[in-house]
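Student: I am new to this structure and would like to learn how to read its features. Could you guide me, please?

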Amino acid sequence: MTQNPVLEFDRLVIAQTSGGKSILNDISLSVAKGEVLALIGESGSGKTSLALSALGRIRPGLMVRHGNVRLAGLDMIRATEQELRHRRGKSISYIAQSAAMSFNQRMRLDRQVTEPAAVHGAMPAMAAIKRAHALYASLGLPDPGQIGARFPHEVSGGQLQRFMIAMGLLLDPDLVVCDEPTSALDVTTQIEVLRALKTGIRENGTAALFVSHDLAVVAQVADRIAVLKRGDLIECASTTEILENPQHDYTRELIRACQRWPVTARDLVAKKPPAAAEGAIEARGIVAGYGSVTNNKPKIEILKGVSLNVARGRVVAIIGESGSGKSTLARVIAGLHAPAAGTITLSGKTLADRGSGRTRDEMRRIQMVFQSADTALNAKHSVGRILGRVLDFFGDKSPGRIAELLEMVNLPAEYARRKPSQLSGGEKQRVNLARALAARPEVLICDEITSALDTVVAASIIRLVEDLRDRLDLAILFISHDMATVAALADQVVVLKQGVVVENGAAPDVLLRPQADYTRLLLGSVPELRIGWLEDTAPGAPAL
Amino acid sequence: MTTKPDLAPLPRQRPSLTLWFSFGVLGAFVFIAVFSPWLVPFDPTEFVTDLPFQAGNGASILGSDYLGRDLFSRLIAGTSLTLLMGLGATLLAHLVGDTLGMLVALRGGWLDVVLCRIVDVALSLPKIIVGLVVVAALGSSITTLVVVTGLIYSASVFRVARALGRDLVGQDFMRVARMRGEGPVWLLFGEMLPHVVRPLAADFAIRMSFAILFMSSLSFLGLGVQPPLADWGALVRENLQGLGGGSLAPIYPALAIALVSIALNLFVDVLGERNDAAELSK
């Protein structure tokens, strides 16, 4: 492994310039020619800082306090800006998480993809275009000879991500750094991009540094996996070795969190059957969207007549890809977005379309938890103030209620004095849950509450929600694009596609015996923690 | 793991010279403004000599002005007037601008459209011309000056406050509060205000330097503070004729104006850097 590594981290220590707190602690790793090394860890583990240091990029506010990073012999830390510029794009390239933000919307794709060639003068323009078109073909882009003439907004998100891969591979670099290249994509798109990326790297014999928080994704592409936690390298071994014989507790925990998928009948025995009684909250024929409304139809229709109901003590999950209307439905039920047609009823009573038309008590009985724990908490208020305001607002004067709420979400009572910035991501989401519970709701809407969290933390939040459902007899509408989470929590599953319900049934039925083709495609696209899963899944029609 | 690696030393945190300079200058001027009655060597309205534009000497440090009064005493007496007028105008600008800007950011709708167009018109007119016309029409008094300057600058403050507010309104914590059914009072003061205090404080400092410059310009043009009172702008104007004779009398008040503006600007710069650093270390 160590003969002539392409990239070598040698006892690297990166720390904050003020205070000197180390965010990477004595990291030694190397990547051999043609090898794919994955860096896996939760947010704050330092994986992105480590990957960026391979490009000679140290974020402002950070400094290298020890060691170095060598790319094909060149010390990337002490290299001059000119030397770095000479390497970047040519011997090392970067594939970012968001392709949409990485492309100039006003330039044709061919021109942007071949830009590295023009910048480095490495290839004549015609040769570069030819090479780009060959890459498009191997990355599975349709009509490779023509598609590059389009602008970024004229291709889909998954296609754009593949254009970025083509740009990264254009000059046949020694190493590509991929920073969560599929995390922002839907599952059905992720699988295509993953396949393209793997083909691209393999065909060109390129070494890669693959940063991800998703072990199941990493298992499909990496030769070796390095596990990082809070700046320490916990362990590093071949993918098989890590999956079959993990040495460290943290690694085992990560694997356990990923093994929730695929689900088996045994995992779903505890599911409650759909309730016979009428739902606590019911949506009937909801049509909603944006723009002027004519004939009960908005100009841009997001929801096209959606009906569902959630009974108390049950979790109903809504799954679907971005653009399916999941979040719009949540906003309609919460009274944040007025529907063009349809009604919402709470325990049999029809609610006003807008929140302003609902009584304070009706508002209290429906609470919502948002995706981003960070922005849903006012950073300037303490946890005690955030919870206290809800109690004051709804006139709840029970003594010790704040401590009781914190206890309910498994946080110590002294957290009431903390500001959100002093909490971890998981703790913030617990405070968000506590804030919703402070209103003593009957209906809880959870909008992608685990998708910004790391696998292990997300698993603990799921257990908490499950516990709360039973303790407080809540009707929970759980919106998610993560099938493993849904499988763990939902009693009933509603599959939404472009504003239409394509399937609605008890969780075991939908997850194990899906009826709609779309549900099958969705479920089959979720990566499994198994080497070779990507190859076993035929393109276009993933098997169940 | 073998031995612990030897870590390179951290860069030393240097005390910010800019901060000390701006603090020092502003502190000194505030001190002068507060204690001016005890600091003046002569009565600022009494004649100390029969001769105008005398060079400085032991007793009269900066010499005499165009009528033979002590320039140093007049400069000191003008400090509190200049700073208080600047402060008053800026307070008014922020009171009006912040309230309306944040309210409009929160409410949106027709009120937003109407106020924004009015502000667009106000911003498209040259400030000094508007000031001249209004002050000339109403007659110059200190109250008029402060109110007119405050209202003129409230248009720019409105823009800043509205932009800051708009950034906040879309955030999830605002949605959460609205979902609970919170009214505008809590939304504005409970949720939004704590986020905008620091940027608005920075705007306050820089806006105050603009207000001082603006009112000095009006005074210089003769429409500002009327004799025998004098702010720094008026001191520049009344002593201007001395410049031909080689007197430095108009230069000193001009320097004072420049010094306060620079100090306020530097103060805002340092504040901004601190904010960025705080954001980064999160």
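Tutor: Let us begin with a definition: two strands pair if DSSP finds at least two bridges between them. Please keep in mind that the model is a predicted one. In chain A, six strands make up an open sheet with mixed pairing, in the order 6-7-8-3-9-10.

Student: Which strands of chain A stand at the edges of the sheet?

Tutor: The edges are held by strand 6 (92-95) and strand 10 (232-238) of chain A. Each has a single partner strand, so one side of each lacks a neighbour in the sheet. From one strand to the next, the twist averages 15°.

Student: How many bridges join strand 7 of chain A to strand 8 of chain A?

Tutor: Strand 7 (residues 175-179) and strand 8 (residues 207-212) of chain A run parallel and are joined by five bridges.

Student: Which strands of chain A does helix 7 of chain A touch?

Tutor: Helix 7 (residues 157-169) of chain A packs on the sheet and touches strand 6 and strand 7 of chain A. The direction of this helix makes about 170° with that of strand 6 of chain A. Helix 8 (residues 187-204) of chain A lies across strand 3 (36-40), strand 6, strand 7 and strand 8 of chain A, and runs at about 155° to strand 8 of chain A.

Student: How are two packed helices described?

Tutor: They are described by the angle between their axes and by the distance between those axes. In chain B, the axes of helix 5 (residues 142-169) and helix 7 (residues 184-220) come within 10 Å and cross at roughly 155°. Helix 5 of chain B is therefore roughly antiparallel to helix 7 of chain B, since angles over 145 degrees count as such. Their crossing is right-handed. Among the residues making the contact are B:Ile152 and B:Val160 of helix 5 of chain B, and B:Phe210 and B:Leu218 of helix 7 of chain B. By class, this contact has 18 nonpolar, four polar and two charged residues.

Student: Is B:Asp112 buried or exposed?

Tutor: B:Asp112, in helix 3 of chain B, has a relative accessible area of 9% and is therefore buried, the cut-off being under 20%. Apart from neighbours within four places in sequence, B:Asp112 is in contact with B:Val104, B:Arg162 and B:Arg166.

Student: Where is B:Leu125 found?

Tutor: B:Leu125 is in the loop between helix 3 (109-124) and helix 4 (127-138) of chain B. With a relative accessible area of 43%, B:Leu125 is partly exposed. The C-alpha atoms of B:Leu125 and B:Ile152 are separated by 10.0 Å, the two residues being 27 residues apart along the chain.

Methods: Residues numbered from 1 in each chain as written. Chains lettered and ligands numbered in written order. Predicted model: local features only at pLDDT ≥ 70, side-chain atom pairs only at ≥ 80, totals over all residues. Heavy atoms only, no water. Axes fitted to C-alpha atoms, helices over the stretch in contact; angles between N-to-C directions. Helix = DSSP H or I, 4+ residues; strand = E, 2+ residues; numbered from the N terminus. Parallel < 35°, antiparallel > 145°, perpendicular 65-115°, else oblique. Left-handed = near helix turned anticlockwise from the far one by under 90°. Contact = heavy atoms within 4.5 Å. Nonpolar A, V, L, I, M, F, W, Y, C, P; charged D, E, K, R; others polar. Buried < 20%, exposed > 50% of the residue type's maximum accessible area, 1.4 Å probe, protein only.
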